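Have a look at the model, then read on.

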Amino acid sequence: MLSYDTVKQQPEQFLACTSLTVEEFDILLPLFSSAWESYSKRNYVNSGGGKPKLPRVVDKLFFILFYYKVYPIQSAMGAIFGMSQGQVSFWVGVLSIVLQSALGNARTLPKRRPRQLKEALEACGVYNLIIDGTERERQRPLDPHAQKDFYSGKKQTHTYNNIIIVDSDARTVEYLSQTYEGTWHDKAICDTEQYTFPNHATLQKDRGFQGYEPEGIITYQPKKKPRNGTLSIVDKILNRVLSSSRIVVEHVLSGVKRCHIVKDVFRNTRIGIEDIVLEIACGLHNFRQRIRSKAENVNIFDFI
C-alpha cells in the first residue's frame, strides 16, 4: 500500500506523486493541518469505523495531492490506499474542500470576482497581464440537452471552458473565471463577466479575443494576415515578438495541468467539483511558483 512515509524517501518519486517537492509539501502541511482542524470542528467526519484509513493529517494531504496529480479511477485509488471506492469518493470530496481552504489561507488561489479584479490587481501591483482561454475535456453527458451545451465543436469533444488572467512577470494565475459549457467562446465569457483592469495596464491576447478592448488599458494582439494578402515585414516581426512573450501563458497552463485531474478527461460527477478542481490546480501552481521564485529562505510565515 502506498504511503507518505515510504515515498518521502524517494524525492523524484515524491514529486511525481504529488507535484510538490518534499520541502514544498512540508511548507503546505501546517496550513493544511489548520484547515483540517477547522473543517473537522464544523463538520462531523465519519471515517468508516475500524482502523482509520488516513489516520494522520500528513496522510490526508498526501492522499489528496496524489489524487489530483495522478488522477486514477477511484477503484484503482482504493486499491493503492487500501480502501473502498466509496471511501475514496468520500475523502476526495472532503479533502478537496480542506485543500482549497489551505491554499486560500496561503493566498495562492486566483481571484474569482470579476468586478473586484481591478482593485485586487492594484493591491498586488500587477500591471503586465496576459489573458487566455483554457478548455478541459469531460465525459460525454448522457442527457441530449447537456450534450449539445458541452459540445465544443472541436475534435468531437465535450468540454469545460475557463478564462485565466496571468501575471506575466510572476508567472502566476491572478484570475480564474467561472466554469462554462464547451459552447461558450473566449470573448463571450469576457463580455459576460465584464472584467475591470487597473488604468494603463497592458493586456496581451490572442485572436480568440478579437474585438475585446477593455477601457483604460493597452492591449496587444497578433495581426491576422489579410485575405488574399500578406503581412508586412514589420507586422511579422511584431507577431514574433508577441508570440515569444505569450509563451509565458503556455508555461503557466502547463504548470496548472501538471495535475492530471485538469488535464485528462474529467470523470467526476459531483455538482460543482469541476470548478473547484481547476481553482485548486491554479492554487497549487501559484504555491509552487511563489516558493521557487524565492529559491531559498522560504518558510510557513511567508504564507500567513
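What follows covers the overall fold, the surface and charges, and the aromatic rings.

This is a predicted model. The protein chain has 11 helices and 6 strands. Its radius of gyration is 21 Å, close to the 19 Å from the globule rule for 304 residues, so the chain is as compact as a globular protein of that length.

**Overall fold**
- Along the principal axes, the C-alpha atoms of the protein chain fill a box of roughly 70 × 55 × 35 Å.
- Of the 304 residues, 48% are buried.
- Take the contacts with a separation of 6 or more: 66% of them are between residues 24 or more positions apart.

**Surface and charge**
- The protein chain exposes about 15,500 Å², with carbon and sulfur atoms supplying 52% of that area.
- There are 40 positive and 32 negative side chains, and the centres of these two sets sit 3 Å apart.

**Aromatic rings**
- The count of aromatic pairs comes to 21.
- Tryptophan 36 and tyrosine 39 have ring centres 6.3 Å apart and planes at 25°, which is under the 30 degrees cut-off, so this pair is stacked.
- Both of those residues, tryptophan 36 and tyrosine 39, are in helix 3 (residues 22-42), 3 residues apart, or about one turn of the helix, and both are buried.
- Phenylalanine 209 and tyrosine 212 have ring centres 6.4 Å apart with planes at 50°, so that pair counts as tilted.
- Phenylalanine 209 and tyrosine 212 are buried too.
- Ring pairs also tie Tyr4, Phe14, Phe25, Phe62, Phe63, Phe66 and Phe81 into a cluster.

Conventions: Residues numbered from 1 in each chain as written. Predicted model: local features only at pLDDT ≥ 70, side-chain atom pairs only at ≥ 80, totals over all residues. Heavy atoms only, no water. Helix = DSSP H or I, 4+ residues; strand = E, 2+ residues; numbered from the N terminus. Rg over C-alpha atoms; globule rule 2.2 N^0.38 Å. Buried < 20%, exposed > 50% of the residue type's maximum accessible area, 1.4 Å probe, protein only. Contact = heavy atoms within 4.5 Å. Areas by Shrake-Rupley, 256 points an atom, 1.4 Å probe, with all protein chains shown as cover. Lys, Arg positive; Asp, Glu negative; His and termini not counted. Charge placed at Lys NZ, Arg CZ, Asp CG, Glu CD. Phe/Tyr/Trp six-rings, centres within 6.5 Å; stacked < 30°, edge-to-face > 60°.
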